[in-house]
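I opened this model to look up its core, its chain contact and its domains. My entries are below the display.

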Amino acid sequence: MLLVAAAIFCVGLYGAISQQVVVMVMMGLELMINAVILAAAGFWWFLAPEPTGQVLLLVIIAAMTVEMAMGFAVATLLHREREADMTDMATDLSG
Amino acid sequence: MVVDVAFWVLSVLAVLGGAAVFYVDSMARATYALALSFIAVGLVALLLQQNYVGVVTILMMVMEMAVMAVYMVMFMGMNPALMPMSMVHGKRMAMAAAGGVFALLASGILLVDWPSRRGAPAGDVTMALGEELMGPKMLAMAVVSPVMVATIVAGVVLAAHRTRYDRMGDDLRRRPADDPQPGGVGR
């Protein structure tokens, strides 16, 4: 199970590094968090199936929610301010 | 036996779905592929008796993929289902980094002497989680809750096009408000 999680994590890492479209970069990041969910579920089941591990999973899901919401908000802001939907169009921080 | 087969099928689906996100030639298909990967991981969580986490993952990701499809239509300026696209940079470097990280993780996974399982899952895992959250682990909920509120506020502030200061000036005294489309009784 951990190998599967590692494979998903690395696919997401490839996407987060290589993609140019902001939404696709977000997809890569979400795949990486997806892998963390799977790994945490595996640790919980095979090592210590106590409720504490499930709380960790909920925190990971909350982190994914925050990433998703802020990513969409930043994508909206980028598009409105600069007409940018690609990471290469938003490489500097000045307005 | 059935659980093992289901696990391997879902694992293959999760990995191939994830890979398809960056292989298919349209963003709509990429969205569906990502949803497939998340649903497969949610079902694996269900196989591990994590009913609440599995269902939450599946429901949340299906909704998120729907939102993501809307975003693509909004921002890509094209029909995402019909328009082939390949927009990548630094492909070799990204593949090398991903391969290197996988080799590192896989070697760690295979070489570590994992401890044996400690304890057994509670009879009702979901109820045990609820009791944990409302008891000894309430601090986790108490931290996650304000983070969620802060996320909502920050998301609205970032995404909002016009705020009350745009409408009523810096001192909020402008009347009538400066709106692109006038409205209301007598305006």
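This is a predicted model: local features need pLDDT of at least 70, side-chain atom pairs count only at pLDDT 80 or more; totals for chains, interfaces and linings use all residues.

The entries follow in the order in which I looked things up.

I looked up the largest nonpolar core and found 62 residues in it. Those touching the most other members are Ile8(A), Val11(A), Val23(A), Leu38(A), Ala41(A) and Leu34(B). Helix 2 of chain A gives the most, with 15 residues.

I picked Leu34(B) and set aside its neighbours within four places in sequence. In chain A, Leu34(B) is in contact with Met27(A), Glu30(A) and Leu31(A). In chain B, its contacts are Gly17(B), Val21(B) and Met65(B).

I read off 56 residues from chain A and 62 residues from chain B in the contact. On the side of chain A that touches chain B, helix 1, helix 2 and helix 3 of chain A each supply at least two residues. Helix 3 of chain A has the largest share of that side, 21 residues. By class, I found 41 nonpolar, 10 polar and five charged residues on the side of chain A that touches chain B.

For chain B, the domain assignment gives domain 1 (1-88) and domain 2 (124-178). I looked up the separation of their C-alpha centres, and it is 27 Å.

Note on methods:
Residues are numbered from 1 along each chain as its sequence is written. Chains are lettered from A and ligands numbered from 1 in the order in which they are written. A nonpolar core is a set of buried Ala, Val, Leu, Ile, Met, Phe, Trp, Tyr and Cys residues joined through C-beta atoms within 7 Å. A residue is buried if 20 or more other C-beta atoms lie within 10 Å of its own, exposed if 12 or fewer, and partly exposed in between; C-beta atoms are placed from the backbone. Helices (H or I, at least four residues) and strands (E, at least two) are DSSP runs, numbered from the N terminus. Two residues are in contact if their C-beta atoms, placed from the backbone, lie within 7 Å. Ala, Val, Leu, Ile, Met, Phe, Trp, Tyr, Cys and Pro count as nonpolar, Asp, Glu, Lys and Arg as charged, and the others, Gly among them, as polar. Domain bounds come from an automatic or database domain assignment.
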